[in-house]
Amino acid sequence: MKALVVKKPGELEVMDLEEPAMGPYDARCEMLYGATCTGTDLHVIDGKFAEHVDYPSIIGHESIGRVVEVGEKVRYLKKGDLVTRVLTRASADGKMKLSWGGMCEFGLACDWQAMLEDGIDEKKANYYKINKVIPEGLIDPMNATMIITWRENLSYIRRIGVKEGQIVLISGSGANGISLGAMARLCGAKEVIMVGSGKRKDAALRAGITSYYDYRKKEDVALIQEKYAGSLNYLIDATGKSGSLNPYLGCVRENGVVGVYGMDDLNTYAMNPTLVKANFYRIYNGGYLEPETHDQVIEFIKEGKLDASVWIDQEHIFTWENAPEAYEYVRDKKAIKTVIRLTQGGK
């Protein structure tokens, strides 16, 4: 099969590899689409990911596959099922590693429910709860790649505690920033303010963000500082760039919450806590658990509350012939996200 491999930092290549061997609880899947992630994939490609990466490594964690064969002990997956976050496996000889490993032609979904029922490898079963079935006909497989981002971001917003009538400011207008804003609105936030690139304003407003400011414009930053002083229930950094929250810390209200979602400067992140004028405020560091919000995201899709076209470039679809170029396309900010078709059949 083909797979998209970071051979070493700065070197991304399509390679021919062996398919992973099926186990009794595995379902072999034909991979349909994988979406680019600038917050993870580009950092792995550039050798700048916040956590250790072993190379060569197969990238991709926003992948959708369709079941074509099931193992003998599989009970909750069947042929034809559309499944989220299907991944390949590291090579048996240990020479090919994974940075999740979703950009491949064939992968394995795990019947984690059957494993838990049978008392088999609870740790592995819990990890593969990311493999969830998407109702047939609900969403195009290409657009279904957004389910992974939406699940992560909804989990974060729910865990941080956003409730009806509250005010949220998000710094960063990448895919996650806009999705965090959309989820805050769906959780009832009265206002969601975004500070980001001027190019992303239209997409952010389409996603439900209520007001948008350009972080490069001093007058926009000054306006936020004046208008929202002491008003924010939540201040969230979607980029993880050190110091990026400092201009807005004075907007945090008494007992407000500050959270850092992004990972750009994970190990060296800094902010000036004295800039918060409130006597008391909290730091959220609880992360997210993607599988826990799958059912709610599915309901939002059914209700027409999420539109993948806000994020995904619907016109420029990459294939194995030009797969590495997908990452340069988003690096150059020609799209928020793009997808690679991982099978010749597409759907």
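## Terms and model

Ala, Val, Leu, Ile, Met, Phe, Trp, Tyr, Cys and Pro count here as nonpolar, Asp, Glu, Lys and Arg as charged, and the others, Gly among them, as polar. This is a predicted model, in which local features need pLDDT of at least 70, side-chain atom pairs count only at pLDDT 80 or more, and totals for chains, interfaces and linings use all residues. Residues are numbered from 1 along each chain as its sequence is written, and side-chain values use heavy atoms, with hydrogens and water left out.

## Cavity and pocket

Both kinds of space are found on a 1 Å grid over the protein atoms alone. A cavity is a set of points where a 1.4 Å probe fits but cannot get out. A pocket is an open set with protein on both sides within 12 Å along at least five of seven lines. Lining residues have an atom within 4 Å of a point. Points are joined across faces, edges and corners, and a volume is the space filled by probe spheres set on them.

The count is one cavity of 30 Å³ or more. The largest cavity has a volume of about 30 Å³. Its lining consists of T319, W320, E321, R341, T343 and Q344. By class, that lining holds one nonpolar, three polar and two charged residues. The second largest pocket has a volume of about 210 Å³. It is lined by 15 residues, and E18, R89, A90, S91 and A92 are the closest to its centre. Eight residues of this pocket lining are nonpolar, two polar and five charged.

Helices (H or I, at least four residues) and strands (E, at least two) are DSSP runs, numbered from the N terminus. Two strands pair if DSSP finds at least two bridges between them. Strand β11 covers residues 191–196, and five of its six residues are buried. Buried means under 20% relative accessible area, exposed over 50%, and partly exposed in between (1.4 Å probe, protein chains only).

β11 runs parallel to β10 (residues 167–171), joined by five bridges. I167 has E191 as its bridge partner in β11. The chain passes from β10 through helix α6 (residues 175–186) to β11 in a right-handed β-α-β crossover. Right-handed means that, with the strands pointing away from the viewer, the path from the first strand over the helix to the second runs clockwise. β11 is also parallel to β12 (residues 211–214), with four bridges between them. Here M194 stands opposite Y212. Helix α7 (residues 201–206) carries the chain from β11 to β12, again in a right-handed β-α-β crossover.

## Cysteines

The structure holds zero disulfides; a disulfide is a pair of cysteine sulfur atoms within 2.5 Å. The closest cysteine sulfur to that of C37 is in C104, 16 Å away, so the two are too far apart for a bond. For C104, the nearest cysteine sulfur is that of C29, at 9.6 Å. C37 is buried, at 6% relative accessible area, and C104 is buried, at 0%.

## Backbone in the loops

Most residues other than glycine have a negative phi, and most peptide bonds are trans. The peptide bond from Y55 to P56 is cis, with omega near -5 degrees. P56 lies in the loop between α1 (41–46) and β4 (57–58).

W100 has a positive phi of about 80 degrees. It sits between β7 (97–98) and β8 (106–110), in a loop, and is partly exposed at 27% relative accessibility. D121 has a positive phi of about 45 degrees. The loop between α2 (112–117) and α3 (122–127) holds D121, which is partly exposed at 41%.
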